[in-house]
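I opened this model to take notes on its fold, its parts and a few residues. My entries follow the order in which I looked things up.

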Amino acid sequence: MSPFPAAETPESFASSNLPPKLHLYTVGTPNGYKPSILLEELHEAYPDNPALVYDYIPIRFSETDQKKPEFLAINPNGRIPALVDDNAGGHNVWESASILLWLVENYDKEFKLSFEDPKERSQALSWIFFAHGGVGPMQGQANHFFRYAPEKIPYGIKRYQEETARLYSVLEDQLKKPESKGWLVGGKFSVADINVFPWVRSHAWAGVDISPFPSVAKWLEAIESRPAVFKGLGVPTRGKKLTKEEEDAKAAEARKNFAFQK
C-alpha cells in the first residue's frame with residue numbers, strides 16, 4: 001500500500017485512455033508549480049505526444065510525506081517537487097530547475113519553450129541559475145521571517161525583503177530592454193520565464209512591493225494569461241487570492257506545521 005495519497009489525473013488528460021508516463025510529486029508552492037506549468041505548456045505545444053501524459057501525487061507536509069523512505073528513494077534531499085519518468089525506465093529527477101531542464105531536453109524537440117542556439121541556451125541557463133540560487137532562496141527567507149517565524153525579527157525581514165526586491169530589479173532591467181520583447185531570453189516565453197515566475201507571482205506573501213517594477217508586473221500578467229499556465233497552477237490545488245486577514249490566518253496555520261517541512 002502506498003504511503004502517499006493516490007495519484008490524480010490533471011484535467012488536461014481527464015478524457016485520455018493513455019497511461020501516464022510522467023509522475024509528479026508536488027505541493028502547491030512556487031517550486032511545486034514550476035514543473036506542472038511546463039508539463040501543461042509542453043502538452044499544449046505537442047498535444048499528440050503520448051510520452052507527455054502525466055499524473056501527480058499530492059505530497060502532504062503535515063504527514064511528512066517528503067521524509068518517508070519511499071520519497072527519499074526518489075529525492076534523497078526530502079524536498080518537493082520530484083519526477084519519475086517511465087519513458088526513461090523510471091528515472092528519478094529532483095530539484096525544480098533540474099526537472100525543467102530534463103523535460104525540455106527530452107520533450108521539446110522543436111525548441112518551442114527552449115533554445116537551439118548555444119548562446120541563447122547559455123543565457124537561459126544563466127537566468128535559471130540566477131533564479132535557483134537567488135530569487136528562490138532569498139524570497140524563501142523573506143517568506144520565513146515575514147510569515148512563518150515564531151517571533152518578528154525586523155532585521156531578518158528587512159534583509160531578505162530588500163534582497164528579494166534587488167533581485168526583482170535585475171529582472172526588471174532585463175525585461176524592459178526593447179529586444180527582450182517582455183521575456184527573459186530570446187524574445188519569447190520560455191523555460192527561463194517558467195523557472196522564476198511562480199516565485200515572483202507570490203511577491204505579496206513575502207511582503208515585497210511589485211509597483212517599482214512595472215516591466216515585471218506586465219510580465220506576470222502576460223504569463224498568468226496563458227491557458228497552460230492556468231492549468232499548471234491548478235496542480236495539485238488552485239490557490240485563491242487571499243485577503244490580508246486570510247493571509248494572516250494561513251500564515252498562522254503554516255507556522256504550526258512549519259516543523260513538518262524541515
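**Ground rules**

I am working with a predicted model, in which local features need pLDDT of at least 70, side-chain atom pairs count only at pLDDT 80 or more, and totals for chains, interfaces and linings use all residues. Residues are numbered from 1 along each chain as its sequence is written, and side-chain values use heavy atoms, with hydrogens and water left out.

**Whole chain**

I began with secondary structure, taking helices (H or I, at least four residues) and strands (E, at least two) as DSSP runs numbered from the N terminus. The chain holds 9 helices and 4 strands, and from the N terminus their order is β-α-β-α-β-β-α-α-α-α-α-α-α.

I then looked at overall dimensions, and the C-alpha trace spans about 50 × 50 × 30 Å along its principal axes. The radius of gyration, taken over C-alpha atoms, is 18 Å, which agrees with the value near 18 Å for a compact globule of 262 residues; the globule rule is 2.2 Å times the number of residues to the power 0.38.

For burial I used relative accessible area, with buried meaning under 20%, exposed over 50% and partly exposed in between (1.4 Å probe, protein chains only). By that cut-off, 48% of the 262 residues count as buried. The accessible surface, from the Shrake-Rupley method with a 1.4 Å probe, comes to about 12,900 Å², and 54% of it belongs to carbon and sulfur atoms.

I counted a contact wherever heavy atoms lie within 4.5 Å. Among contacts between residues at least 6 apart in sequence, 72% join residues at least 24 apart.

**Domains**

The chain is divided into domain 1 (11-110) and domain 2 (118-225), with bounds that come from an automatic or database domain assignment. Their centres, taken over C-alpha atoms, are separated by 23 Å. To the contact between them, domain 1 gives 14 residues and domain 2 gives 12 residues.

I also checked the UniProt record, an unreviewed entry, which lists "domain: GST N-terminal" for residues 19-111; such annotations may be inferred rather than shown by experiment, and the positions are in the numbering used here, with feature names shortened. Over residues 19-111 the chain is 34% helix and 19% strand, with 25 Å between the end C-alpha atoms.

**Backbone notes**

I found a cis peptide bond between isoleucine 80 and proline 81, with omega about 0°, and proline 81 sits in the loop between helix 2 (69-72) and strand 3 (82-85). Another cis bond runs from valine 235 to proline 236, with omega near -5°, and proline 236 is in the loop between helix 8 (227-232) and helix 9 (244-257).

Next I noted positive phi values in residues other than glycine: glutamate 95 has phi near 80°, and phenylalanine 111 has phi near 55°. Glutamate 95 lies in the loop between strand 4 (91-94) and helix 3 (96-107), and counts as partly exposed because its relative accessibility is 31%. Phenylalanine 111 lies in the loop between helix 3 and helix 4, and is partly exposed because its relative accessible area is 29%.

Tyrosine 54 is in strand 2 (residues 54-58) and counts as buried because its relative accessibility is 1%.

Serine 96 is in helix 3 and is buried because its relative accessible area is 2%. The side chain of serine 96 makes a polar contact of 3.0 Å with that of lysine 34. Leaving out residues up to four places away in sequence, serine 96 touches Asn31, Lys34, Pro81 and His132, and Pro81 is the proline that I noted above in the cis bond with isoleucine 80.

Arginine 147 lies in helix 4 (residues 118-148) and counts as buried because its relative accessibility is 6%. A polar atom of the arginine 147 side chain lies 2.8 Å from the backbone oxygen of tryptophan 205.

Note on methods: Polar contact = N/O pair within 3.5 Å; in protein donor to acceptor, adjacent residues only side chain to side chain.
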